[in-house]
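Dear colleague,

I am passing on the structure below, together with some notes on what I found when going through it. Please read the notes alongside the model.

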2 protein chains.
Amino acid sequence: MMELKSLKSFVAVATLKNFSAAARELHTVQPAISRHILSLEEELDTALFIRNTRYVKITAAGEQLLKEATEILALVEGAKLRTLKTAKGEIGTLKIGYLPSACLTFLPQLIKKYKSHYPNVEVTLFEMTVSQQITAFEANQIDLGFSRPLPDNLTSNFDSKTIYTDRLTVILPNDHALANKNQLSLYELKDEAFILFNRDEAVSLFDGIISLCQENNFSPNIVGQPKHMQTLLTTVASGLGVGIAPYCTSALFTQGCTFVPISGSSPTILTQLHYKKLLLSPTAKAFIECSDR
Amino acid sequence: MMELKSLKSFVAVATLKNFSAAARELHTVQPAISRHILSLEEELDTALFIRNTRYVKITAAGEQLLKEATEILALVEGAKLRTLKTAKGEIGTLKIGYLPSACLTFLPQLIKKYKSHYPNVEVTLFEMTVSQQITAFEANQIDLGFSRPLPDNLTSNFDSKTIYTDRLTVILPNDHALANKNQLSLYELKDEAFILFNRDEAVSLFDGIISLCQENNFSPNIVGQPKHMQTLLTTVASGLGVGIAPYCTSALFTQGCTFVPISGSSPTILTQLHYKKLLLSPTAKAFIECSDR
DNA sequence: TAAAAATACTCCATAGGTATTTTAT
DNA sequence: ATAAAATACCTATGGAGTATTTTTA
């Protein structure tokens with residue numbers, strides 16, 4: 001079977017037109033070169049050089065093999081390099097799932113920082129709910145997921161790292177009686193109509209808000225569950241109810257809305273970076289390290 | 001150094017996800033496969049598979065190497081094939097020098113025949129005089145040359161094969177007194193003005209005609225030496241003189257000209273195929289064989 | 001416990017190195 | 001006569017195969 005070592009010898013001979021010189025170049029001896037060429041010629045059943053003790057002349061077949069061998073050897077060298085770069089996370093792909101809210105806060109800068117360190121990785125972003133992310137992880141469709149803390153039954157499969165902490169805030173229409181307060185207790189809103197983000201899209205957020213109301217001794221009257229935060233803001237601005245949502249919502253178009261902090265302790269809304277620690281791609285590993293710095 | 005054999009084992013393992021199965025596929029034993037993978041991993045200083053006794057999972061670096069290895073192995077296989085085809089003259093280039101007259105006779109059909117047998121050879125034609133062909137041979141610019149028999153001092157360097165035999169003919173204007181004869185002796189033309197093809201372009205033709213006249217006991221009065229045969233015909237048709245040229249000239253535009261054979265023995269005009277027998281490319285060899293059949 | 005990869009160990013093929021021969025100018 | 005490739009021969013590396021151990025679900 002055609003050996004790479006023989007091809008190297010062949011290229012050296014073709015270049016130098018001299019077996020002995022080729023041997024010197026490759027730090028070996030002339031008979032070794034002779035054998036390499038002979039073995040190639042035997043395998044191909046074709047003369048590669050017309051030679052005698054006075055000169056070495058390449059044949060047409062030799063010219064062809066020279067082209068091929070040069071390409072092969074370059075490819076082998078390149079293969080080593082690229083495989084190594086892949087192992088270091090310098091080239092390859094990185095697929096990231098994220099909640100829409102991540103785009104409102106840290107994600108753009110984080111990706112930008114990563115890209116500046118790893119410009120040759122092909123990053124693909126997928127907007128996904130938490131449960132879609134779980135599914136995507138199982139199907140190997142994403143390497144990293146930005147979402148809320150995972151349900152307890154899943155935490156053993158994943159490593160998680162808190163990236164961003166947000167707090168709930170009340171959103172009132174500008175002309176609401178309580179809109180000019182610095183902060184307010186949720187209990188003050190017990191008789192209001194509530195607009196909350198859709199439960200199917202974000203269970204933990206919805207249920208967290210319900211719990212919070214119950215801690216304040218009331219069950220909220222929920223009159224709307226929009227699937228987009230912008231719709232929630234518009235609904236509130238229209239005077240159809242009051243909203244409770246993470247503060248990052250204020251990065252959207254908020255005309256007509258007033259954000260009022262909740263007094264006392266309100267639950268934190270965490271955004272975490274999740275990944276499967278066992279099958280972590282080098283690009284994902286590099287991204288995580290990048291997010292630490 | 002990365003061995004092709006190791007790459008083959010690697011591809012088999014990556015495909016089958018099982019060392020033992022890969023060994024069976026490659027007609028060897030499992031420890032050999034283990035060693036091949038280990039040696040690759042050692043050279044690259046990177047894990048290619050995450051594996052234990054229950055499963056084999058390729059890494060990102062492994063995925064990259066799989067792409068590369070597949071390409072490398074295909075290229076190596078292809079290199080063998082293409083080198084062999086080159087040796088057989090099935091692919092490559094063929095550079096042919098020829099005299100313009102060759103185009104009037106056998107050359108188009110011969111090339112067509114060759115191309116039908118060897119459609120993947122890139123044929124290049126160069127219109128050249130005999131002496132240009134000699135120079136081109138020395139500079140390795142042509143593989144084959146179609147021209148006249150070579151001067152004696154060169155015949156040892158070349159192999160030559162007669163391809164086409166032509167005879168001299170007299171060319172008269174249609175209204176010439178001798179134009180209606182079936183044949184004529186050159187001596188009948190001793191007092192005519194002669195138009196001959198240019199001596200610099202074709203020495204042996206010119207000198208051959210002069211000798212022939214002298215054998216007929218006269219020296220021709222040469223009034224024109226055009227460098228193109230078509231010009232010679234036009235000159236004759238215009239009544240400026242009579243021509244002597246190879247019969248193949250009659251394949252040009254001959255209006256106003258009458259071709260009359262020379263009685264008795266007239267010298268033959270040979271077109272030969274010349275080549276350097278020692279450095280004969282496989283494509284040229286195939287062409288020569290093709291021209292024999 | 002079973003199946004599969006890793007390791008240990010032996011043996012042989014073969015690649016490399018030295019010395020010599022052949023060959024062409 | 002000389003320079004360079006081919007050949008002969010020896011040595012030693014290392015690759016292949018066998019047997020065994022380790023590992024994990």
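To begin with the surface near DNA strand D, its residues divide into 6 nonpolar, 8 polar and 4 charged, where Ala, Val, Leu, Ile, Met, Phe, Trp, Tyr, Cys and Pro count as nonpolar, Asp, Glu, Lys and Arg as charged, and the others, Gly among them, as polar. Please bear in mind that this is a predicted model, in which local features need pLDDT of at least 70 and side-chain atom pairs count only at pLDDT 80 or more, whereas totals for chains, interfaces and linings use all residues. Residues are numbered from 1 along each chain as its sequence is written, while chains are lettered from A and ligands numbered from 1 in the order in which they are written.

**The DNA strands**

Of the 18 residues around DNA strand D, the ones that come nearest are Phe19(A), Pro31(A), Ser34(A), Thr53(A) and Thr53(B), a residue being near a strand if its C-beta atom, placed from the backbone, lies within 6 Å of it. Helix 2 and helix 3 of chain A, together with helix 3 of chain B, each supply at least two residues of this surface; helices (H or I, at least four residues) and strands (E, at least two) are DSSP runs, numbered from the N terminus. DNA strand C is likewise surrounded by 18 residues, of which Asn52(A), Thr53(A), Phe19(B), Pro31(B) and Thr53(B) are the closest. For the surface near DNA strand C, at least two residues each come from helix 3 of chain A and from helix 2 and helix 3 of chain B, and by class this surface has 6 nonpolar, 8 polar and 4 charged residues.

Between the protein chains, 26 residues of chain A are in contact with 26 residues of chain B, contact meaning that the C-beta atoms of two residues, placed from the backbone, lie within 7 Å. On the side of chain A that touches chain B, helix 1 and helix 4 of chain A each supply at least two residues, and the largest share, 16 residues, comes from helix 4 of chain A. That side of chain A has 14 nonpolar, 6 polar and 6 charged residues.

The largest nonpolar core has 46 residues, and those with the most contacts inside it are Phe10(A), Val13(A), Phe10(B) and Val13(B). Such a core is a set of buried Ala, Val, Leu, Ile, Met, Phe, Trp, Tyr and Cys residues joined through C-beta atoms within 7 Å; a residue is buried if 20 or more other C-beta atoms lie within 10 Å of its own, exposed if 12 or fewer, and partly exposed in between, with C-beta atoms placed from the backbone. Helices 1 (4-16), 2 (19-25), 3 (30-44) and 4 (60-87) of chain A and helices 1 (4-16), 2 (19-25), 3 (30-44) and 4 (60-87) of chain B each supply at least two residues of this core. Apart from this core lies another, of 24 residues, among them Val170(A), Leu189(A), Leu196(A) and Leu232(A). Leaving aside neighbours within four places in sequence, Val13(A) is in contact with Phe19(A), Ala22(A), Ile33(A), Ile37(A), Phe49(A) and Val56(A).

**Strand 6 of chain A**

Strand 6 (residues 159-173) of chain A pairs in the antiparallel sense with strand 11 (residues 268-275) of chain A over 8 bridges, two strands being paired if DSSP finds at least two bridges between them. In this pairing Asp166(A) stands opposite Ile269(A). Strand 6 of chain A also runs antiparallel to strand 9 (residues 242-246) of chain A, to which 4 bridges join it, and to strand 10 (residues 257-261) of chain A, with 5 bridges. Ile171(A) stands opposite Gly243(A) in strand 9, and Thr169(A) opposite Pro261(A) in strand 10.

**Helix 6 and Ser147 of chain B**

In helix 6 (residues 130-138) of chain B, the residues Val130(B), Gln133(B), Ile134(B) and Phe137(B) are buried. Seen down the axis of this helix, its buried residues fall within an arc of 105° (taken over the directions from the helix axis to the C-beta atoms), so they line one face of the helix. Their cover includes strand 3 (92-98) and strand 5 (144-147) of chain B. Ser147(B) is found in strand 5 of chain B and is buried, with 25 other C-beta atoms within 10 Å. Leaving aside neighbours within four places in sequence, Ser147(B) is in contact with Leu99(B), Val130(B), Gln133(B), Gln272(B) and His274(B).

With best regards
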